[in-house]
Amino acid sequence: MGLSNRNAATSAFRRPKNSFIGNLAVSLASYIPLLQIGTLQLEHAHSIDVALLHAVARRDEQALASLYDRYRVILFGLLVRILNSREEAEDVLQEVFLQIWRRAADFDERRGRPFTWLVTLARSRAIDRLRFLASRQRVTDTAAREAPEEVSDAASDTLHSEQREIVQRALAELPEEQKLILLLAYFEGLTQSEISERLSTPLGTVKTRMRSGMIKLRELLGSQMKSLR
Amino acid sequence: MAHQDYQEMLTAQALNALDADDARVLEAHVQGCAECRIELSSWEDTAAGLAFAALGTQPVEPTIQLRERTLQAIRAETLALGTFEGDGSRVSNVVDLDQRRPRSWTPALTWGAVAAAVVFAVLGASIFILWQQNLAARDELARLTQQVREANEQLARQRDALGMVATPGTRMTELAGTNEMPGAHAMLAFDQSGRALLMAKGLPPPPTGKAYQLWFIAGGRPLPGKVFTTDNSGAGMLTDQIPAEALKAAVFAITLEPKDGVPAPTGAIYLKS
């Protein structure tokens, strides 16, 4: 969404009184879109996300609209991947932002990053919906099959593309059995026991591979973790 | 379980992949272990990074309408719950005039309204009918009560008359109709105390504003008695007290007078003894 479009879209919402920080965050958010990358901008982006969540906690609709604009792509992509349905993903995305609206006061920047909080919230809702729909009929290797092959330099979204590449490269370096277990857990919401059953692999082996895969993933992401917001 | 055992569970917890029992045990530990809380937060950051693996080369976007739907849902919830603003003041639940929207009538609502209107109309008609019936019943009850009261009074008079006639010393005098009312006839019974009972027949009901009056004529001077009327059968009854000076009167007469009676006769004599 272009700057003019964003301003036009957000101007339709009421601006609560006494919300200077929220307004400032919304204004900065307009000038530091998600696509920008670089240490300074990312630090600002992190601060802006924190300020926006605090403003949402004070019932600032415009702040929520800004968060929606900044996170709709990554969250919607995650939801579509988990639910394998655009319709379900849209439904859950609306639920996620309703939950953000209700629970923004629970966010504590000392205990976690806004990005992690938002993504965790969205993933949790999606996994709940997935279980509700009992749609775990997908084949075992769905997660692994759909993940790395989509890496492309032709991405229209620069930041998303770069961040996606960082993660995909890291995943590509993981041993296949570790990567599969991580993706089954993350995108299909399977527990270790369920993965063990799905892959006909001993539970102890699954636990070991999951932990090893996470340690390796963190090492590979290394200093680039901050760029993942 | 050793601290290291908990630490080794943190990666799975960051992926929400622990089985329920393990998750409960770890969560209880993390509540009281700052080191594990920090470590878990770090693993959660790593796990959250996997979200980027979901993005395709052409990122998918939700429909444009979803943004407005989401914000409308938030506004509706805010209005419904009367949530608090940042400064702690409660947001008014009063809807601005320009925010009002026409009620969207569904077929169910329409039929519900029609059914409610029909029930209301039937109920109203029933109440009106019952009210009318109640009024009629009250009138009938009043009429019957009046009839009973009159019958009782008549019965009491007849008992008095029988009692007086049966009393020793009671005298009976007959009054016959004059030329003014030749078909009329009356009997007057009176005892020694002067208590008198008059029973008349053949006297038509008096005209409006008129009544029959009894006279006691003593020494050629008429003394006024009470007035009375007759029913459609021409019958009438009167109890009276004969004045002491008229106890020895030999003549009794009945005239037609104004309904409240007069001290001296003005009308024609209809009956006389």
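User: What should I know before I start?

Analyst: The model is predicted, so local features need pLDDT of at least 70 and side-chain atom pairs count only at pLDDT 80 or more, while totals for chains, interfaces and linings use all residues. Residues are numbered from 1 along each chain as its sequence is written, and chains are lettered from A and ligands numbered from 1 in the order in which they are written.

User: How many helices and strands are there in chain B?

Analyst: Helices (H or I, at least four residues) and strands (E, at least two) are DSSP runs, numbered from the N terminus. Chain B has five helices and eight strands, and along its sequence the pattern is α-α-α-α-α-β-β-β-β-β-β-β-β. Chain A, by contrast, has eleven helices and zero strands.

User: How many residues of chain B are in contact with chain A?

Analyst: Two residues are in contact if their C-beta atoms, placed from the backbone, lie within 7 Å. Here 44 residues of chain B are in contact with 63 residues of chain A. On the chain B side, the elements giving two or more residues are α1 (3-14), α3 (34-49) and α4 (64-81). Of these, α4(B) gives the most, with nine residues.

User: What kinds of residues are on that side of chain B?

Analyst: We count Ala, Val, Leu, Ile, Met, Phe, Trp, Tyr, Cys and Pro as nonpolar, Asp, Glu, Lys and Arg as charged, and the others, Gly among them, as polar. The side of chain B that touches chain A divides into 21 nonpolar, 13 polar and ten charged residues.

User: How do I describe two packed helices?

Analyst: Give the angle between their axes and the distance between the axes. Axes are lines fitted to C-alpha atoms, for helices over the stretch in contact, and angles run from 0 to 180 degrees between N-to-C directions. Helix α6 (residues 114-133) of chain A and α3(B) pack at an angle of about 65°, with their axes 9 Å apart. Phe115(A), Thr116(A), Val119(A) and Thr120(A) of α6(A) make this contact with Glu44(B), Asp45(B) and Ala48(B) of α3(B).
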